[in-house]
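Dear colleague,

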Amino acid sequence: MNRSTCYGLAGLWATLALSALPAVAQNNWPAFRGPSADGHADDADLPVTWSEDENIFWKTPIHGKAWSSPIVWGHQIWLTTATADGHDSSALCLDFETGDIIHDLPMFHVETPVESHSFNSYSSPTPCIEDGRVYVSWGSAGTACIDTETADVLWSRRDLECNHYRGPGSSPIIFEDLLLCHYDGFDYQYVIALNKATGDTVWRTERPHDFGTDNGDMKKAFATPLVIEVNGRQQLISPCSKGTFAYDPRTGEEIWRVRYEGFSTACRPLYEDGMLIISSGFSRAELLAVDPTGEGDVTDTHIRWIETRQMPSKPSPLWVDGRIYTIHDQGVISCLDGMTGEIIWSDRAGGNFTASPIYAGGRIYIPSEEGGTLVVAPGDSYNVLATNMLDAGALSSPAVVGDSLLLRTTTHLYRIGDASAGE
């Protein structure tokens, strides 16, 4: 048998093996904002309407107070939670098909929790997952790696100093053999890379700029970083208070920085068509488009446009077909041209929003804090297809697996889908 025949048979067997797997196993949602880090599940066929009595596969109560999002690998759903007072944290694993809780693992006890704003939770960072390992974090309260088959804790770190003051928010991300984490608090502000196999520190980079204030409350940030490739070089896009940095993700060496006046940045960046979209955060959020090809301080040279009107502080922006869709924290939805920043349309959706929107099957889904999820058609005008109410609101960004929407409210985790399809 010649080599090409062997390769052909191997490919055939691989194809047959994949086709034999359940559809969910081929549709993981491994981190905050999904596999492409942009909130996209293009091929999903989610329902347009649902309610407590319609298109709900299951609804599972989740104890504690937590705004972390669900993540999925195969038939496992992982999420974190904590007690409202911040003393104790837990990692939960649910079965995708049934919603049953497989593991409810007590993780860290904190004798004297640092202050957290009542709006935030002590369990807002979203975990990240890969085959066999899930990485969970509660900021300075503790970060750990769990074996997804045995539920054993493989390593943990509790020595990463940071007074989050208003509560933790930034989620860890996986890059090659590293776990990359932000610690931007009242007292310390740094980025750290951990060996994902052992938890050991590989590099640590202090935020190297003057915040222009001695007020630690304006030095905090909550944003999750993003790794992009620019001209063949990897960049860790790392938003913090008063600026965004690009680092070499393997070494922590700074590549470029851009400055702005906002603080407590929470939105995750977007990178599309060579344009990096970042949010400045509070108190009056701006949306900035940055050309990431520069070096050093590029504030005066590489910002392509800035939009200041009704831009979000917490919900991350969404890019669809060259346009950016944003939902302001107080309910103004806008559509911008991605290349110019020009506002194509803007309208008032009503309600309050913290969760980041997703794009699935040609529609935009935006959960609100009041319990309604807007379903919006992207296009030249504001077109609401449905507003779907549940018993409690959502501050956690949703996940999509196959043709199901996983939506965490303040009380439950829902699996939403076309129940008549018999998945």
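Phe186 is partly exposed, at 34% relative accessibility (buried means under 20% relative accessible area, exposed over 50%, partly exposed in between, with a 1.4 Å probe and protein chains only). The model is predicted: local features need pLDDT of at least 70, side-chain atom pairs count only at pLDDT 80 or more, and totals for chains, interfaces and linings use all residues. Residues are numbered from 1 along each chain as its sequence is written, and side-chain values use heavy atoms, leaving out hydrogens and water.

There are eight aromatic pairs in the structure (rings of Phe, Tyr and Trp, the last by its six-membered ring, with centres within 6.5 Å; planes under 30 degrees apart count as stacked, over 60 as edge-to-face and the rest as tilted). One of them is the tilted pair of Tyr135 and Trp155, with 6.4 Å centre to centre and 40° between the planes. This pair links distant parts of the chain, 20 residues apart: Tyr135 belongs to strand β8 (residues 133-137) and Trp155 to strand β10 (residues 153-157) (strands are DSSP runs of E, at least two residues, numbered from the N terminus). Tyr135 is buried, at a relative accessible area of 1%, and Trp155 is buried at 7%.

Phe186 pairs edge-to-face with Tyr165, at 4.9 Å centre to centre and 65° between the planes. Tyr325, Trp345 and Tyr382 form one aromatic cluster.

Two arginines deserve mention. Arg204 lies over the face of Tyr190, 3.5 Å from the ring centre, and Arg415 over that of Phe57, at 4.1 Å (CZ of Arg, or NZ of Lys, within 6 Å of the ring centre and within 35 degrees of the ring normal).

Kind regards

Notes. Helix = DSSP H or I, 4+ residues; strand = E, 2+ residues; numbered from the N terminus.
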